[in-house]
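Hi,

Here is the structure I promised to pass on. My notes on what turned up in it follow below.

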Amino acid sequence: MRVKSKWHKSQVKTIEDIGGAMAFICWRITKNHLEDLINEGFVIEKEQVFDVITEYLCFLIQSIDRLVFKTLNSKQRQELINKLAKQSAFYYQENKTERIGEGNHWKSFINTYNQRSQDYSDYEFIGNEPNYRFLRYFGEKIKLAMTDVDEKWIVQQMVEIQAPKAFKKIAQSVDDLVSVDKIISKKQQSDNKANKIPRSKRQSTRKDINYTNKSSGDHLT
């Protein structure tokens, strides 16, 4: 599955388009960082993988919420974060069912996300970046999700390396995805499609010929 992480600035997109793309990027960043941690020698057991995934996704979604504050209005921002959380929960449900087994993993993720959303609201962004306490909270949650053998080093690893790296990646993606000519609602998109005149019925703008709308199929060989 491929999702574009950058669009032409002249394009018109919906919140659903942007949210869907961001959710996939968050999932991809999380997957890459899991591999980073394992390559660095940190121990992440099978069940713990999804606890780490949850914390990463919550951190990234909360970062996005702060990053779009000045770009989107309050309604658009709420719609975007709802789309992000629900799509992330879908990925979580799908992957955990495949790796661990059946269960209401979607609800489990949403419950944790709601709690993390409330907790992260106590921490600030400074200069459009998460402050130390924001990063530290993320690191502490990752520590709780992993084995005790790594508790001495994991918070420092998250605060100094992993979290800034993940944030830099998502910040660039947010900038690319919301920097389009216009962001419209899904209803506006549907209305525009319904009112759009088919190309075959549009009048020619050329004035030097008398245009007749005939198929060009007869000319194919």
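To start with the overall fold: in the protein chain, 70% of the contacts with a separation of 6 or more are between residues 24 or more positions apart, where contact means heavy atoms within 4.5 Å. Please keep in mind that this is a predicted model, in which local features need pLDDT of at least 70 and side-chain atom pairs count only at pLDDT 80 or more, while totals for chains, interfaces and linings use all residues. Residues are numbered from 1 along each chain as its sequence is written, and side-chain values use heavy atoms, with hydrogens and water left out.

The protein chain has seven helices and four strands, in the order β-α-α-α-α-β-β-α-α-β-α along the sequence. Helices (H or I, at least four residues) and strands (E, at least two) are DSSP runs, numbered from the N terminus. Of its 221 residues, 43% count as buried (buried is under 20% relative accessible area, exposed over 50%, partly exposed in between, with a 1.4 Å probe and protein chains only). The accessible surface comes to about 14000 Å², and carbon and sulfur atoms hold 46% of that; the areas come from the Shrake-Rupley method with a 1.4 Å probe, and for residues only the protein chains shown count as cover.

Now the helix pairs. Helix α1 (residues 15-39) packs against helix α6 (residues 154-178) at an angle of about 155 degrees, with the axes 11 Å apart. Therefore α1 is roughly antiparallel to α6. Axes here are lines fitted to C-alpha atoms, for helices over the stretch in contact, and angles run from 0 to 180 degrees between N-to-C directions; under 35 degrees counts as roughly parallel, over 145 as roughly antiparallel, 65 to 115 as roughly perpendicular and the rest as oblique. The α1 and α6 crossing is right-handed, a term for the near helix being turned clockwise from the far one by less than a right angle (left-handed if anticlockwise). Among the residues making this contact are I18, M22, I25 and I29 of α1 and I154, M158, I170 and V174 of α6. By class, the contact of α1 with α6 has 14 nonpolar, four polar and three charged residues. Nonpolar covers Ala, Val, Leu, Ile, Met, Phe, Trp, Tyr, Cys and Pro, charged covers Asp, Glu, Lys and Arg, and the others, Gly among them, are polar.

Helix α5 (residues 132-145) has two partners worth a look. With helix α2 (residues 46-67), its axis comes within 8 Å at a crossing of roughly 165 degrees, so α2 and α5 are roughly antiparallel. This crossing is right-handed, and the residues that meet include V52, Y56 and F59 in α2 and L135, F138 and I142 in α5. The α2 contact with α5 divides into eight nonpolar, three polar and four charged residues. With helix α4 (residues 105-120), the α5 axis comes within 11 Å and crosses at roughly 150 degrees, again in a right-handed crossing. R116, D119 and Y120 of α4 touch F134, Y137, F138 and K141 of α5, giving four nonpolar, no polar and three charged residues.

Finally, two loop residues. D148 sits in the loop between α5 and α6 and counts as exposed because its relative accessibility is 63%. Its C-alpha atom is 9.3 Å from that of V43, 105 residues away along the chain. N128, in the loop between β2 (125-126) and β3 (129-130), has a positive phi of about 65 degrees although it is not a glycine. With a relative accessible area of 48%, N128 is partly exposed.

Best wishes
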